[in-house]
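I opened my notebook to look up a few things in this structure. Here is what I went through.

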Amino acid sequence: MINLLELIEHRRSIRRFEAKPVEPEKITLLLKAALLAPSSKNTRSWEFIVIDQPDLLQKVSQCRDQSSSFVANAPLAIVVVVDPAKNDAWIENGTIASAFLQLQAEDLGLGSCWIQVARRPHNETLSAEEYIRQVLHVPDSLRVLNMVAIGYKAQELTPRHIDELQVKIHYNGF
Ligand SMILES: Cc1cc2nc3c(=O)[nH]c(=O)nc-3n(C[C@H](O)[C@H](O)[C@H](O)COP(=O)(O)O)c2cc1C
């Protein structure tokens, strides 16, 4: 049985997936993990759009350039949209829910990768956020933070180890 730190070490950004759907029971567990994430003042200001239709996965994969193209070959993407009117910490709320999704994916034997949408361009005239808004009919009141591509891994990446990060830690001041 793997412990939480081992799970965190093993989670890597997976961008190649097997052509195999994610079972509905597993999708439910992924969403439960996201819905149990902490949020500022418990506002739970996020909503999650589950994309499993190949034509839609193809469309959302075009929101960015090569940074999102691999989503076309993922069996599943979960788009995280957040209401900034419910709480100003909308980025933080959406980010923590996304991280929970990614860790739950790893625990289920699935790979995942974050794709940034907010503050990224689709092309010279349209933002990636507006592009996703149009494709998925997201209300104007909600911000599109990111999407998380999920599926069975078709690549293995080596776990990360903590030693290289020790320099980031400071005690009792910087
Ligand atoms: C805020 C954020 C934005 C990211 N945006 C993208 C993205 O648009 N496309 C992508 O392929 N990966 C994206 N990633 C994944 C990072 O590239 C990846 O987490 C980083 O290189 C570390 O690799 P690891 O996740 O395998 O440890 C993003 C990750 C974060 C946290």
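What volume does the largest pocket have? I noted about 170 Å³ for the largest pocket. A pocket here is an open set of points on a 1 Å grid over the protein atoms alone, where a 1.4 Å probe fits, with protein on both sides within 12 Å along at least five of seven lines. The volume is the space filled by probe spheres set on the points.

Before going on, I wrote down that this is a predicted model, with local features needing pLDDT of at least 70, side-chain atom pairs pLDDT 80 or more, and totals for chains, interfaces and linings using all residues. Residues are numbered from 1 along each chain, and side-chain values use heavy atoms, without hydrogens and water.

Next, the lining. I found 14 residues lining the largest pocket, and Asp52, Leu57, Ala74, Pro75 and Leu76 are the closest to its centre. A lining residue has an atom within 4 Å of a point. By class, the lining has ten nonpolar, one polar and three charged residues.

Then I turned to the ligand. Its surroundings include Arg11, Arg12, Ser13, Cys113 and Trp114, counting residues with a heavy atom within 4 Å. The shell holds four nonpolar, three polar and five charged residues. Cys counts as nonpolar, Arg as charged and Gly as polar.

I checked polar contacts, pairs of N or O atoms within 3.5 Å. A ligand oxygen is 2.8 Å from a side-chain N or O atom of arginine 15. For arginine 64, the distance from a ligand oxygen to such an atom is 3.0 Å. A ligand nitrogen is 3.0 Å from a polar backbone atom of serine 67.

Last, the overall box: the C-alpha atoms fill roughly 45 × 40 × 35 Å along the principal axes.

Methods
Polar contact = N/O pair within 3.5 Å; in protein donor to acceptor, adjacent residues only side chain to side chain.
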